Amino acid sequence: MQSLKELYKIGPGPSSSHTIGPQRASEAFKSENPEADSYKAILYGSLAKTGKGHLTDQIIKNTLGTEITQVVFDYSDHQFRHPNTMLLYAYKDGEAIAEWTVYSVGGGSYEIEGRAPVVPIDVYSYNTFDEIKKYCTEKKLRIYEYVKECEDGDIFDYLLLMYGQMKKSIESGLSKSGELQGGLGIQRKAGYLYSQRHIDESAQTRENRIVCSYAFAVSEENASGELIVTAPTCGASGILPAVLLYMQQQKGFSDIDIVHALATAGIIGN
């Protein structure tokens, strides 16, 4: 089983395969072709058919350079080995100097045609929860202690960084109002939910309202292409931040307590 660093990633929403993967591929392509003065990206399959809604063209342009990048949506039925395929071209003085065929394979990861994929190593010996539970019971370990045993020494620092971004996403989402982009006329609801306290509101109703407002805040940031944490996906990115921040506020848990919770959730998610 791979590191929790492969599960929790900071990146732009709304899709790990449609925004985070293309962003990372574009960064690598730009880094490998520093002499290029313009770029072109052709999107195929799912990247083409849902690319506008998933902001794929925007993230590619933002990464390679808005004024020097052309993005083309090709809706024809090309037979690539993966539905999330894009071609990247780099140009110098109008001449093509590099070309990549990129597959955005999910979770923010990508592969380049003709190159061996970079496969993260397994850092955990067990791959099912039954195996992990049995091991932890025998060793008298909490799940977060099992994470510390298997991962690099900086794993808790990494998870603290993830929690910091989760809280930023909640704060940012709560501060905004208006219509979400996309043309569907959907209004942001997080700030409205958070502020709609009624005199006769029960404790249970208040809890539900606050937790939901936190989840909406992150989800609306995700839908807008802002930075979120995959937990474990962009689409599910609002749940863990909402629950963990609310519990921290209500119970006084420390940040390290939350880090331990993120580690535990990560093992279950993995």
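**Strand pairing and aromatic contacts**

Strand S2 (residues 38-44) and strand S3 pair in the parallel sense over five bridges, where pairing requires that DSSP finds at least two bridges between two strands. This is a predicted model, in which local features need pLDDT of at least 70 and side-chain atom pairs count only at pLDDT 80 or more, while totals for chains, interfaces and linings use all residues. Residues are numbered from 1 along each chain as its sequence is written, and side-chain values use heavy atoms, with hydrogens and water left out. Helices (H or I, at least four residues) and strands (E, at least two) are DSSP runs numbered from the N terminus.

**Strand S3**
- Lys40 has Gln70 as its bridge partner in S3.
- Strand S3 (residues 69-73) has a covered face made up of Thr69, Val71 and Phe73, and an uncovered face with Gln70 and Val72.

**Aromatic pairs**
- Nine aromatic pairs are found in a search of the whole structure, a pair being rings of Phe, Tyr and Trp (its six-membered ring) with centres within 6.5 Å, stacked if the planes are under 30 degrees apart, edge-to-face if over 60 and tilted for the rest.
- Phe29 and Trp100 are edge-to-face, because their ring centres lie 5.0 Å apart with the planes at 65°.
- This pair links distant parts of the chain, with Phe29 in helix H1 (residues 16-32) and Trp100 in strand S5 (residues 95-106), 71 residues apart.
- Both Phe29 and Trp100 are buried, that is, under 20% relative accessible area, whereas exposed means over 50% and partly exposed in between (1.4 Å probe, protein chains only).

**Tyrosine cluster**
- Tyr126 and Tyr135 form a tilted pair, 5.4 Å centre to centre with 45° between the planes.
- Tyr126 counts as partly exposed at 27% relative accessibility, whereas Tyr135 is buried at 15%.
- One aromatic cluster is formed by Tyr124, Tyr126, Tyr135 and Tyr146.
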